[in-house]
Protein chains: 2
Amino acid sequence: MPVTLAVDAMGGDHGPSVTVPASAGFLDATPDARVILVGARDVLEASVAKIKSGARDRLSVQAASEVVDMDEPPADALRKKKDSSMRVAVNLVKEGRADGCVSAGNTGALMAIARFVLKTLPGIDRPAIASQLPTKKGETTALDLGANVNCTPEQLVQFAVMGSALVSAVDGIERPTIGLLNIGEEEIKGNDVVKLAAELLKSSGLNFYGNVEGDDIYKGTTDVVVCDGFVGNVALKTSEGLATMLYQFLRAEFMRNPATRLSALIAYPVLMAFKRRIDPRRYNGATLVGLKGVVVKSHGGADALAFRYAIAKAHTEVAHGVLDRIAQRIAAMPSPTSTPVQPHA
Amino acid sequence: MPVTLAVDAMGGDHGPSVTVPASAGFLDATPDARVILVGARDVLEASVAKIKSGARDRLSVQAASEVVDMDEPPADALRKKKDSSMRVAVNLVKEGRADGCVSAGNTGALMAIARFVLKTLPGIDRPAIASQLPTKKGETTALDLGANVNCTPEQLVQFAVMGSALVSAVDGIERPTIGLLNIGEEEIKGNDVVKLAAELLKSSGLNFYGNVEGDDIYKGTTDVVVCDGFVGNVALKTSEGLATMLYQFLRAEFMRNPATRLSALIAYPVLMAFKRRIDPRRYNGATLVGLKGVVVKSHGGADALAFRYAIAKAHTEVAHGVLDRIAQRIAAMPSPTSTPVQPHA
């Protein structure tokens, strides 16, 4: 069955100049898919008209008159912009006209709108943000990366269930290993929430590896790493900062003088291979998991290649029936994982 | 006045084979200093006898019959091993026979022993682990990196005071900028503890920059980054894991085939310059800050060069009167920062 994806064509730092070519590139590579571009009709139709490939026939435009700003408070985006490109894209999923949607817009707004419009899956208190990260061995899926600042142990278990189902569906790993992000330094390891979550995970029926530390993420110790959104977001942003710094240091050493610049020229193919290997664009696209619909968030600054990866991620999740898998896993849990949750601070 | 440092010569993964040459190397470079090596007298005296430089005259040995294991529960190390090399080294500071001490042993045990023997400075509820990290601009001091899993807003303010005093004393920056580690993704930024800490920091008289995110650490946005020990430890370990992975990827690309190996040979001086620039050994030595005594924790796996950096760090802190500076800053705080603290979970 052909997959149709709604793309918030106005979101992100670059809007249609990135989202339209990315959509066309995705369609060229994925013959059975369709994309609905959501946003300013005139602008989008003019962009689509310039596309020369056959992908154009599988692109359509859905008008939306507003755009959510990158720094707009999510509550405002939700209440005041009912015809935003982001909202309309999510609505298309709700209405069944699209199988999933992709946006490079404001993360908080996308989460608020997606929760309000699509609702969470049964047994899930709050959605989480999940993303793949590169490791020595391949990839690890980490969640939550910023949606939930204060988590209960039960929510961490739900993240584990969702991460397990996501990896199982997308990567074909039958029983993904689950690591619980913790620290190993102090007397009583971890805080109370993490300790309780570990107990729950042991009896969850999931393939619980145990506690992992920050360095285990990039070692690829487990297929899934579970943490609260504060810790996960700090780990992710810290990684981005460090990778950027190291890349700049490496570049600076090669650019230091004529001799080093000559060796950069000679080493160029190797340096490019290294750069490709760690290219963050390949990992663009975080999944808002736990919703009754596939929603993928692209980095706001994504270029066309990166945004194309985010669209492809949504396509893969739809094609692999991720939502059904998560629902099945939740239903198969030995004990109810959904408990009354304290109001989110 | 000459500075005397006590070195736990038995601690760490390598014991005297690292700690003794590191001490000698440190003394060769620091003519006014003295080192007391603490541990098995026979072993240490034999090691010292082999030292050929004049440093030997400024090295003495203090016997200690026990060693704290790297994975020993801190409570056991504290209660059952009263003649451990770690404990005796800390005792020397307490007795005024040493101005500071250095250990590569078990972090939890060192913190427990140091707190018990030395006590915290007035106005400080709990010590923190502080370390310098490299940034695009130079260095940032981050704390806490693992000592305190659950922190109150008041404790985060105390960390800010201690970090500010440390950077001010050691790096000569009059009013270091303070960043509070937070996340920027979700609706209501940060959790309650961080939000309250930000309010307190605004009226603290410190040079509070505001919230920073993970990537700001390596951007060098502020001189000091404050966070709780769980988040700080995850950020630190994640960084170690990522740096290791990137280094291995770079190496793998250069080792791929004869042509790439040839370019590695040509680029060798540049690659070595890059390696030196990010050499983690240069940043070895975390300060247990907030105690009535200078205590520096070396990485357990440190080699002689890395351990020497840790000794030098303790020396610098003593020579710059870090303890007095912290005490003065605490005393100068506009409002009492020490409040009754809930029992540590």
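The exercises below refer to a predicted model.

**Exercise 1.** Determine how many residues of chain B and chain A are in contact, and what area is buried between them.

*Solution.* Begin with the contacts: 61 residues of chain B touch 61 residues of chain A. Next, take the area; about 5700 Å² is buried between chain B and chain A. Finally, divide this area by atom type: carbon and sulfur atoms give 73% of it.

**Exercise 2.** Describe the polar links between chain B and chain A, and then the make-up of the side of chain B that touches chain A.

*Solution.* First, count the pairs: eight residue pairs, both at pLDDT 80 or more, are in polar contact between the chains. Across the same interface the rule finds four salt bridges.

On the side of chain B that touches chain A, α3, α5, α7, α8, α9 and α10 of chain B each supply at least two residues. The most comes from α9(B), with 21 residues.

Lastly, classify the residues of that side: 31 are nonpolar, 19 polar and eleven charged.

**Exercise 3.** Identify the residues that form the nonpolar patch on the surface, and locate them in the helices.

*Solution.* The patch is formed by L262(A), L265(A), I266(A), L262(B), L265(B) and I266(B). Together these residues have about 600 Å² of accessible area. As to location, α10 (258-277) of chain A and α10 (258-277) of chain B each supply at least two residues of the patch. L262(B), for instance, lies in helix α10 of chain B.

Methods
Residues numbered from 1 in each chain as written. Chains lettered and ligands numbered in written order. Predicted model: local features only at pLDDT ≥ 70, side-chain atom pairs only at ≥ 80, totals over all residues. Heavy atoms only, no water. Patch = residues over 30% accessible without salt bridge, like charges linked within 9 Å, V, L, I, M, F, W, Y side chains within 5 Å. Areas by Shrake-Rupley, 256 points an atom, 1.4 Å probe, with all protein chains shown as cover. Salt bridge = Lys/Arg side-chain N within 4 Å of Asp/Glu carboxyl O. Helix = DSSP H or I, 4+ residues; strand = E, 2+ residues; numbered from the N terminus. Contact = heavy atoms within 4.5 Å. Buried area = accessible area lost by both parts, 1.4 Å probe. Polar contact = N/O pair within 3.5 Å; in protein donor to acceptor, adjacent residues only side chain to side chain. Nonpolar A, V, L, I, M, F, W, Y, C, P; charged D, E, K, R; others polar.
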